[in-house]
Amino acid sequence: MLYHAFDMQKSWLAGASALATAGAQVIQHPANPLGYFGGSPAFASALEVFAHAAAPRGKPGFELYDAVVEGETVRVTEKVEARKPFGQLKHFKHKASEGKPKLLIVAPMSGHYATLLRGTVERMIPDHDVWITDWRDARNVALEAGKFDLDDYVDYLISWLEHIGPGAHMLAVCQPSVPSLAAAAVMAADKHKCRPKTLTMMGGPIDTRKAPTAVNEHAMTRPHAWFQENVIVTVPAWYPGAGRRVYPGFLQLAGFMSMNLGNHMMSHWGMFKHLVEGDGESADKTKEFYDEYRAVCDMTAEFYLQTVDVVFQRHLLPKGEMLHRGKPVDLTKIEDIAILAIEGERDDISGIGQTKAALTLAKSLPAEKKKYLMAKSVGHYGIFNGKKWRDEIAPVVETWICSNGG
């Protein structure tokens, strides 16, 4: 009944949001003399903040239509190159992208859409041939499509690297660091011609025993059965994926919001003040962030539960006990895939040392093919979006790709 209750609340809030928007527009209309007196501007701003917070959200678009390449503004086209039941491979091309390093950006399957990495994609487009994994909302995938678990995730990555062809580079943001590293190890063991030249992992939970965060503690303090019984729900009949068991995105969002509730409240208070002061541009920046942050999607129950078990509870990858299709994932087989591990000093999702652990685990990889970057004064989101990402972190990634066969 949890999903039904959420949908009922969402429908009610959608109506309330529409009414609040209409009320704010009436108060703010230039022809309304009452809008200039008393507390009317503040009331209209409050209605606008509520309307934005309560509005329903669908899957956002990347909306990356152009890029500046070597001083020239060029058109960027977005095309789906390969489709699978639970995701698709998107390609961003421009007239100068041919011949540039091929880069597969692996987006998280953790409750948000791939567009959360819009800033990551935008920064890399000018000097790379960029591709990204665009995962589907599990509630929209029919039961006939079958299951999707951690093994399938690894298979998808291998398949898409094969589609891109030899010589590609891979950049994994947060959660997909584990399946990306596993895919690299599997391909390395097979001497696969399409194994990536480099693997960059950013804020990923490779070994969550190091500097555990609140997210890690949450997974460790509850038995596996608790997650099965309390956070897995059945998709209602009115969705294409009716009957599928999922971990709903709205629960993931609620968890992330509660971790930093004070910061989120201050952000909305700041948006309210900007609206009252007439600073629409600053308010719009906050709105843009929350439009993306609140757009959530569901994960299949099998993928979510397997990730909790393998990554956060039993730590199978760093212990050398992780399996893929029944075969060991041997990180010592990685001998020529250059690894860059990036962590944020203020990351409250993946603690310091969790991503860096990959460098130690890849024991057969020469030292010159390993690199570590600690991004100072950067939180989890800032690793792959914002000014620090654009000006300080991305140049390191670009240099690493260039110096390793880019």
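Contact means that heavy atoms lie within 4.5 Å of each other. By that rule D347 touches G203, T213, V378, G379, H380 and I383, leaving aside residues up to four places away in sequence. This is a predicted model, in which local features need pLDDT of at least 70, side-chain atom pairs count only at pLDDT 80 or more, and totals for chains, interfaces and linings use all residues. Residues are numbered from 1 along each chain as its sequence is written, and side-chain values use heavy atoms, with hydrogens and water left out.

- D347 is placed in the loop between strand 14 (338-344) and helix 13 (357-361); helices (H or I, at least four residues) and strands (E, at least two) are DSSP runs, numbered from the N terminus.
- The relative accessible area of D347 is 8%, so D347 is buried; buried means under 20% relative accessible area, exposed over 50%, and partly exposed in between (1.4 Å probe, protein chains only).
- Although D347 and V378 are 31 residues apart in sequence, their C-alpha atoms are 6.8 Å apart in space.
- The side chain of D347 reaches two backbone nitrogens, that of I349 at 2.7 Å and that of S350 at 3.0 Å.
- Such a polar contact is a pair of N or O atoms within 3.5 Å; within protein, one must be able to donate a hydrogen and the other to accept it, and residues adjacent in sequence count only if both atoms are side-chain atoms.

**Salt bridges**

- A salt bridge is a side-chain nitrogen of Lys or Arg within 4 Å of a carboxyl oxygen of Asp or Glu, and the count by this rule is 15.
- In helix 14 (residues 387-403), K387 and D391 are 4 residues apart, about one turn of the helix, and they form a salt bridge with the closest N and O atoms 2.8 Å apart.
- K387 is exposed at 59% relative accessibility, while D391 is partly exposed at 44%.
- E392 and K388 also form a salt bridge, with 3.6 Å between the closest N and O atoms.
- E392 and K388 are separated by about one helical turn, because they are 4 residues apart in helix 14.
- Salt bridges that share partners join K147, D149, D152, D155 and R325 into one network.

- Helix 11 (residues 301-313) is mostly covered, with 11 of its 13 residues buried.
- Among the buried residues of helix 11 are F303, Y304, L305 and D309.
- D309 has 17% relative accessibility, and its side chain meets that of R314 in a salt bridge of 2.9 Å, N to O.
- R314 is partly exposed, at 42% relative accessibility.

**Aromatic rings**

- The whole structure holds 16 aromatic pairs; rings of Phe, Tyr and Trp (its six-membered ring) pair if their centres lie within 6.5 Å, and planes under 30 degrees apart count as stacked, over 60 as edge-to-face and the rest as tilted.
- The W238 and Y239 rings have centres 6.3 Å apart and planes at 40 degrees, so this pair is tilted.
- W238 is exposed at 51% relative accessibility, whereas Y239 is buried at 13%.
- Ring pairs link F86, W135, F148, Y153, Y156, W160 and F303 into a cluster.
- The charged end of K84 sits over the ring of Y156, 5.2 Å from the ring centre; the rule is that NZ of Lys or CZ of Arg is within 6 Å of the ring centre and within 35 degrees of the ring normal.
- R222 lies over the face of W226, 4.6 Å from the ring centre.
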